[in-house]
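Here's a quick briefing to read alongside the model. Have the sequence and the 3D view open as you go.

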Amino acid sequence: MNLFVVTGASRGLGHAIARRLLLPGNYVIGLSRSSSEQLSKEASLSGARYESVEVDLSRVDSLADQMEQILQKAAVESLKSACLINNAGVLSPTGPIENAPAEEIAYHMQVNLTAPIILSSSFIHNTEAWEVPKTIMNISSGAGRKPYSGWSSYCASKAGLDHFTRCVGLEQQDKPYGVRMISVAPGVIDTDMQSYIRSLSEQDFPQKERFIQLKEQGQLSSPEDAADKLLKLLNSGDYGHGDILDVRQ
Ligand code: NAP
């Protein structure tokens, strides 16, 4: 079986990725605070194995143990490959950083940066002896590479995720079964996160109008199209340790 652990599988891009992975021979585990009934139903018809695990990624102290338990359970199967997709993410707090409550900044960093780092650390540690291809795909954003006024926490957490990826790439590249980690910007996708962006005030996000235009001109990718591009890249194996990629390139 091919193991896939996908964070944020309850809706949006993560949901579409998990759906696309529901194929015979795949074992898909979705991590989020809520679960998707649609995924459970479709899984039972698909020939794939699907499990949803309730995880709050802001509770970072328990994440390493949760990942260890997931991997120990999965290891009972005869696995041909293993992949972690760090997809879950939040945008808020938005607006000038001096107006952001400290607890919202801390929550943001826990979900967007600390959680993927801890999950990756535990994934690499607990699969060290697995002699199969192993990958971690971090879902980043163009905002991690280009600054946006009003999105300083988001830009910082995604830039951090990219740089974390580069460093782990160096650590893993010479190992015989090293985990190949990449960080990929998925494009602009029609999800709850985009609805939230369009609801922001001009003062908090001066580029708001551009995102309204993208929606009105039909230029947002569907979550399914974005998932297809990401999985095509993943399946191609056409990337190096620590690569920073964008599905639009
Ligand atoms: P979304 O529709 O808002 O979905 C976010 C997902 O993250 C949900 O499944 C949610 O699950 C999960 N999540 C949020 N907080 C969590 C927490 N504390 N614990 C566990 N899970 C949590 O977002 P999206 O647009 O699909 O974004 C997915 C990824 O793509 C994010 O990393 C985002 O930064 C990136 N991205 C999106 C766009 C875009 O245009 N949409 C562009 C570039 C990058 P629960 O609420 O059930 O916990």
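An oxygen atom of the ligand is 2.8 Å from an N or O atom in the side chain of K158, a polar contact, meaning a pair of N or O atoms within 3.5 Å. The protein covers 96% of the 880 Å² of accessible area that the ligand has on its own (Shrake-Rupley method, 1.4 Å probe). Bear in mind that this is a predicted model, where local features need pLDDT of at least 70, side-chain atom pairs count only at pLDDT 80 or more, and totals for chains, interfaces and linings use all residues. Residues are numbered from 1 along each chain as its sequence is written, and side-chain values use heavy atoms, with hydrogens and water left out.

**Other ligand contacts**
- R11 puts a polar side-chain atom 2.8 Å from an oxygen atom of the ligand.
- L57 uses its backbone instead: an N or O atom there lies 2.9 Å from a nitrogen atom of the ligand.

**The shell around the ligand**
- The ligand has 32 residues around it, and R33, S34, N87, Y154 and T191 are the closest; to count, a residue needs a heavy atom within 4 Å.
- The top contributor is α6, with three residues.

**Aromatic pairs**
- There are seven aromatic pairs in the structure (ring centres within 6.5 Å; planes under 30 degrees apart are stacked, over 60 edge-to-face, the rest tilted).
- Y148 and F205 have ring centres 6.4 Å apart and planes at 45°, so they make a tilted pair.
- Y148 is in the loop between β5 (134-139) and α5, and F205 in the loop between α6 and α7 (208-216), so the pair ties together parts 57 residues apart in sequence.

**A cis peptide**
- S92 and P93 are joined by a cis peptide bond, with omega about 10°.
- P93 sits in the loop between β4 (81-86) and α4.

Technical notes. A polar contact is a pair of N or O atoms within 3.5 Å; within protein, one must be able to donate a hydrogen and the other to accept it, and residues adjacent in sequence count only if both atoms are side-chain atoms. Helices (H or I, at least four residues) and strands (E, at least two) are DSSP runs, numbered from the N terminus. Rings of Phe, Tyr and Trp (its six-membered ring) pair if their centres lie within 6.5 Å; planes under 30 degrees apart count as stacked, over 60 as edge-to-face and the rest as tilted.
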